[in-house]
Amino acid sequence: MLECGMLERDRRALKKRSAVLCKQLVVDEMLVQLLQADDILTESMAEGIMAEKTSVKKSWHLLLLLPKRGPRAFSLFCAALRETEQQHLCELLTQSPEKDGTDTHIERRSDSSLPHPTQEVIAAKRARTHESMEFSLDADSPISTPVLPCTPDFYLSHCQQSYRMSSSPRGFALVISNVTFDPCAAAELDTRKGGEVDDEVLRKVLTELDYMVTVHRDLTAQDMRLCIANFCQRPDHRTVDSCVVCVLSHGVDGAVYGTDGQLLQLDWMFEAFDNSHCPLLQNKPKMFFVQACRGDEMDCGVEQIDGPTRTYSPSCEQRDAGREGQGDAASRQRGDMGRPRIKLPQRSDMICGFASLKGQTISTAAMRNTKRGSWFIQDINTTLRLHARDTHLADILVQVNGRIKEREGYAPGTQHHRCKEMSEFTSSLCKDLYLFPKYQP
């Protein structure tokens with residue numbers, strides 16, 4: 001039993017910032033689990049919050065409950081914000097101009113054994129100003145502008161010609177992020193500094209897009225296979241409209257590395273989601289994003305004839321590894337009972353974005369910044385947040401290509417100075433794929 005309600009000063013801070021919290025707060029499974037673990041939320045409360053149809057409604061539901069959940073609710077809520085990389089909201093709440101002579105105490109957890117696949121320490125962000133929240137090239141973290149919502153008029157004018165995208169959640173998302181590799185089994189594979197930023201960026205943006213996200217960190221090749229196999233066989237794929245799979249690791253042509261230095265063939269992953277092996281996702285869009293190199297060659301760029309001089313480049317970027325793999329079989333099956341069933345190609349309704357090109361003679365390296373993460377994931381995040389409201393996914397990936405094309409490494413005196421990268425995507429989609437963010441028919 002909670003002994004009493006929230007302290008008055010904390011209640012005032014929540015009320016004062018409620019409008020900002022409703023717009024910017026990401027209420028996902030991890031945040032809710034943290035509050036459950038501290039007995040701030042009961043199981044039925046957590047289920048009620050997650051059952052809300054939109055992110056704003058989830059935030060509002062939580063904010064209505066918190067003032068009634070005891071004197072520790074505020075400090076533990078702030079601690080949960082820190083642990084889900086929403087420190088700017090924690091600072092907004094605790095840096096209240098109202099002074100009552102008592103500093104708000106923020107509790108820190110010593111127990112990290114939480115029912116979530118990833119555990120990480122999030123470095124404190126600098127206090128946000130208007131300047132630091134701009135899309136500055138030298139910002140120290142990815143943009144966190146809320147995903148812009150789709151309008152009812154846009155949905156109604158485009159839903160008939162595109163893939164169905166009205167379930168809530170929109171689908172399930174799997175993120176596999178290998179950051180630290182076994183120094184004995186994979187001594188040649190360095191730690192992917194900045195890789196932990198990528199999986200958190202993906203978790204947050206996909207959650208805002210109404211996907212149920214599961215993140216797994218540092219898996220061996222065999223564990224990656226098992227994780228993907230279990231994910232593609234989830235029976236609840238039947239009730240949703242799509243799925244997303246993100247793989248972030250070192251890689252080679254057609255494969256990515258597990259933490260044990262063994263390779264997972266990407267063609268095997270695509271086969272696991274084809275119409276034969278994953279019937280519950282037949283005719284539903286399956287989205288893949290692969291942040292990995294597809295070779296060791298670095299793209300040093302080519303001078304543009306009659307082109308403008310380069311005046312500015314992103315901050316120092318470091319080489320990552322990434323890889324692509326794809327396949328496109330067309331075997332067919334037939335139904336033997338009753339009238340003939342509609343036939344599907346073995347593999348269809350897939351789209352995959354790759355961080356780097358697969359060339360005819362060489363494959364190129366993908367680039368990563370140690371503070372902001374990889375170029376590719378940064379631009380996926382930015383473009384989804386700003387343009388998913390009215391742009392289908394293939395065009396979003398074209399925009400990502402355009403942003404990547406303009407990037408240039410800045411590291412004077414090193415081989416990475418003025419290095420380039422070029423992303424690409426492959427698609428067997430048969431309709432436009434709009435995510436219709438934050439709109440529920």
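Predicted model: local features only at pLDDT ≥ 70, side-chain atom pairs only at ≥ 80, totals over all residues.
A crossing of two helices is called right-handed if the near helix is turned clockwise from the far one by less than a right angle.

**View 1. Helices α3 and α4 cross in a right-handed manner.** Helix α3 covers residues 29–37 and helix α4 covers residues 43–50; their axes come within 10 Å and cross at roughly 160°. Angles over 145 degrees count as roughly antiparallel, so α3 is roughly antiparallel to α4. From α3, look for E29, V32 and Q36; from α4, find E43, A46, I49 and M50, which complete the contact.

View 2. The partners come from distant parts of the chain, 281 residues apart: Y155 sits in helix α8 (residues 152–158), while F436 belongs to the segment after β12 (424–427). Buried means under 20% relative accessible area, so Y155 at 10% counts as buried, and F436 at 0% is buried too.

**View 3. Y434 and F436 are stacked within an aromatic cluster.** Here the centres of the Y434 and F436 rings are 5.6 Å apart and the planes make an angle of 25°, so this pair is stacked. Y434 is buried, with a relative accessible area of 7%. Widen the view and you will find one aromatic cluster formed by F154, Y155, Y434, F436 and Y439.

Definitions and conventions:
Residues numbered from 1 in each chain as written. Heavy atoms only, no water. Axes fitted to C-alpha atoms, helices over the stretch in contact; angles between N-to-C directions. Helix = DSSP H or I, 4+ residues; strand = E, 2+ residues; numbered from the N terminus. Parallel < 35°, antiparallel > 145°, perpendicular 65-115°, else oblique. Contact = heavy atoms within 4.5 Å. Buried < 20%, exposed > 50% of the residue type's maximum accessible area, 1.4 Å probe, protein only. Phe/Tyr/Trp six-rings, centres within 6.5 Å; stacked < 30°, edge-to-face > 60°.
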